[in-house]
Protein chains: 2
Amino acid sequence: MADNILIPRLTIIGVGLIGGSLALALKQAGAVGEVVGCGRGKPNLEKALELGVIDRYERDPAAAVRGADVVFLATPVKTLGTVTSQCLPGLKAGAIITDGGSVKEEVARVIEPLLPADIHFVPGHPIAGTENSGAEAAFPELYRGKRTILTPTVNTAKHAYELIRQMWQTVGSEVVEMSLEKHDKVLAAISHLPHMVAYSLVNAVGSYDHYEENILEYSASGFRDFTRIASSDPTMWRDIAETNRVALLEMVGQFEKSLAELKDDIATGNGDKLFEFFLRSKQLRDAIL
Amino acid sequence: MADNILIPRLTIIGVGLIGGSLALALKQAGAVGEVVGCGRGKPNLEKALELGVIDRYERDPAAAVRGADVVFLATPVKTLGTVTSQCLPGLKAGAIITDGGSVKEEVARVIEPLLPADIHFVPGHPIAGTENSGAEAAFPELYRGKRTILTPTVNTAKHAYELIRQMWQTVGSEVVEMSLEKHDKVLAAISHLPHMVAYSLVNAVGSYDHYEENILEYSASGFRDFTRIASSDPTMWRDIAETNRVALLEMVGQFEKSLAELKDDIATGNGDKLFEFFLRSKQLRDAIL
């Protein structure tokens, strides 16, 4: 198995669903030597150790990354700059930092200026997740059959990019290369906008106190499925809404236009246009089934 | 078993998921004598016969309802007036008509004036469904543990209401009584608005042709779950959007206000307000899990 080892020492900063699942998958593939964990919560790190997600942990980021070949940052987007600064004193020359943040332009803008020339950074984003969090939620199959978007910049070293690409392929993910800007626009459309819409929908319906009872109680399974993503972590989504502001506002604007068109057709009772609108959406949706 | 028979002869107009599942559930409970089917498509009626959903069928509504104690109308909302008129010549004195339409005020407004004094109408709406349609999609457990809303009017005979209430309870549904107006507002909030939002979202994202590729291909399972309801039948939703116009426009307005508030917080980068907004939605959503 030693021949398969891609990363002799890996440090995971933030041993939750995303970081922990990467560790477990690389271990399962025999592609990693030692896995060191780090993160704010000691109970979570103890749990990760007990579950075999990590081999040991350090409370101090600089101590955690000492000797690491690859450091995976899996903490909320707005913490990544601070976390990188805390790691810097411990990093060896040639170490590669990569991340799993949902926004890439802001992350690269914050992290790259912090790094000396012999520390490499590969911005990345595995498109995977569940509603669960913490080391206990981690499982090695999370990335299997999913896509990971890597967004190299002019500063990204070719060999560092190649190693991270191989790392994601090893855990079963298809790797797609994209510019930082394109990543943020695509994610604004397919992920960030839908979350904003779900949060707004639940807020609008739940706040509608026209009746003395809670009308959400009448909601059938359709509403529950549709609004499941409104149960996501508020801190994570605050960070995303703050750091992908421009692309997100553009997509919210697109959506508002689309809804306004539909609202006009409802108001004027234009059955033919309503039918066309619904049919077009159904066809677009059915094409991605 | 004869003691359990609630409805000696039941006619289902529209033998699809909704009508067929009611027939199967009543048969399973031994609560119905003969089930007669009617509907536009002969292949679907043949299939329903073969699957034991109905005992026989007639192509002509007046022939189908002859001798029926209860007639269940399960065709799209905008067809219900015409279908009722077609049934009238065949109905016996004392027959009870009920329906499963997603909009109630308009349905009652259209049907009630058509009926002579000895034909009874009980407007109803079982809150259940799947993405599938046709007799083949029907299954007896569809209504188990679900709610059925009955919306009696000043014209609804007490004994007719009681029989239809028992019918839905027999198939495992909890029966809730509500005014026509309240039903339409509650459904606008928990069902009609979410469908409009899902259709608009898919339309906005799918029409965003800023890139040469289809960005929907990058969508992860979250987007797919969230937009599943945009795959619903366009004809059914055109009818609902046309017949529940006023309540739906009010809810679209509520939603637009909620989204505009969120958009402002994104634009100004107000992290505290964003967090509060997301947390409030999460709490409302988690409460209905």
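Colleague: In this predicted model, which residue of β4(B) is the bridge partner of B:Leu10?

Modeller: Strand β1 (residues 7-13) and strand β4 (residues 70-73) of chain B run parallel and are joined by four bridges. B:Leu10 has its bridge partner in β4(B), and that partner is B:Val70.

Colleague: Which strands of chain B stand at the edges of the sheet?

Modeller: The open sheet of chain B has six strands with parallel pairing, in the order β3-β2-β1-β4-β5-β6. A strand at the edge has a single partner strand, so one of its sides is left without a neighbour in the sheet. In chain B this applies to β3 (56-57) and β6 (120-122).

Colleague: What angle does the direction of helix α4 of chain B make with that of β4(B)?

Modeller: Two helices of chain B may be described here. Helix α1 (residues 17-28) packs on the sheet and touches β1, β2 (32-38) and β4 of chain B, its direction making about 160° with that of β1(B). Helix α4 (residues 80-87) of chain B also packs on the sheet, where it touches β1, β4 and β5 (96-99). The direction of α4 makes an angle with that of β4(B) of about 150°.

Colleague: Which element gives the most residues to the side of chain B that touches chain A?

Modeller: Chain B and chain A each bring 71 residues to the contact. On the side of chain B, the elements that give two or more residues are α7 (180-206), α8 (221-226), α9 (234-243), α10 (245-268) and α11 (271-286). With 18 residues, the element that gives the most is α7(B).

Terms used
Residues numbered from 1 in each chain as written. Chains lettered and ligands numbered in written order. Predicted model: local features only at pLDDT ≥ 70, side-chain atom pairs only at ≥ 80, totals over all residues. Pairing = 2+ DSSP bridges. Contact = placed C-beta atoms within 7 Å. Axes fitted to C-alpha atoms, helices over the stretch in contact; angles between N-to-C directions.
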